[in-house]
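Please view the sequence and structure below before reading on.

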Amino acid sequence: MKPFAIKQASFLTSVGQGQTPPAPLACEIAVVGRSNVGKSSLINCVCNNRKLAKTSQTPGKTRLINYFVLNRDFYFVDLPGYGFAKTSKAQQQEWGGLIGDYLGSGRPNHLFLLIDIRHEPSPEDRQMFQWTLYSGVPFTLIATKADKIPKSQRNVAANRAAKLLGAPPYAIPFSAEEKIGGEELLLRIGQIVEDAKANAARALREEGATDDPAGPADPDA
Ligand SMILES: Nc1nc2c(ncn2[C@@H]2O[C@H](COP(=O)(O)OP(=O)(O)OP(=O)(O)O)[C@@H](O)[C@H]2O)c(=O)[nH]1
Ligand SMILES: [Mg+2]
């Protein structure tokens, strides 16, 4: 398989609750996880552009759904994080509404669910995982900040984090800081985009086949 490369990446728009999202593209991959887990850093790392998505040590920086266009072909979506301290009830409700609507919108082809490789999943991580399962959107678990633990323990720790979440025991160990796991992630993205295109083409063919009320032409007529 040809290695998949990100040749172009640009910010398109931010969308809040009740606002109209941009017209769909061939594929949409959304990044979700606790505030400060490294969502924006992962996007920047994959796109090889440190300034693309705003990163911050202040949790809760990303409050809107941010759309990035990659290879002029598909979306990478930075979702607002959950679980930071000092969140009001109203903010939590706003977040829940935004994410719930997004997951049920039919837009995302795939979710990258991020968990910190060092910590047990939080109650919010577990809830997010349940929402993910409920949404039916395929997902990949990614264990971030892998640079924080010794190399020999990374795979075990990543898989353990997935297992603790109640998921199949596999997560990609990733570090934006040391570019660990970048190639595996790119391969994954390539597969997801290819699958989304193949599914869309199949759906179009099927639609075409059922559109003609007379059915297929009779060659003997
Ligand atoms: N050591 C290490 N630090 C990281 C890594 N990824 C992100 N960080 C740091 O973690 C902090 C949060 O990173 P962000 O990418 O802004 O996190 P986020 O998930 O987008 O956070 P919100 O937008 O608040 O939801 C920043 O200080 C980053 O520098 C990593 O792989 N390794
Ligand atoms: Mg962010």
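## Pairing of β1 with β3

T13 stands opposite Y67 in β3. Strands here are DSSP runs of E with at least two residues, helices are runs of H or I with at least four, and both are numbered from the N terminus. β1 pairs with strand β3 (residues 65-70) in the antiparallel sense over six bridges; strands count as paired if DSSP finds at least two bridges between them.

The model is predicted: local features need pLDDT of at least 70, side-chain atom pairs count only at pLDDT 80 or more, and totals for chains, interfaces and linings use all residues. Residues are numbered from 1 along each chain as its sequence is written, while chains are lettered from A and ligands numbered from 1 in the order in which they are written.

## The sheet as a whole

An open sheet of mixed pairing is formed by seven strands in the order β1-β3-β4-β2-β5-β6-β7. Because β1 (9-15) and β7 (172-173) stand at the edges with a single partner strand each, one side of each has no neighbour in the sheet.

## β4 and its partners

β3 and β4 run antiparallel and are joined by five bridges, with N66 having D78 as its bridge partner in β4. Three residues separate the two strands in a hairpin, and N71 in the turn has a positive phi of about 50 degrees. β2 and β4 pair in the parallel sense over four bridges; E28 has Y75 as its bridge partner in β4.

Five of the five residues of β4 (residues 74-78) are buried, so this strand is largely enclosed by the rest of the structure. A residue is buried if 20 or more other C-beta atoms, placed from the backbone, lie within 10 Å of its own.

Notes: A residue is buried if 20 or more other C-beta atoms lie within 10 Å of its own, exposed if 12 or fewer, and partly exposed in between; C-beta atoms are placed from the backbone.
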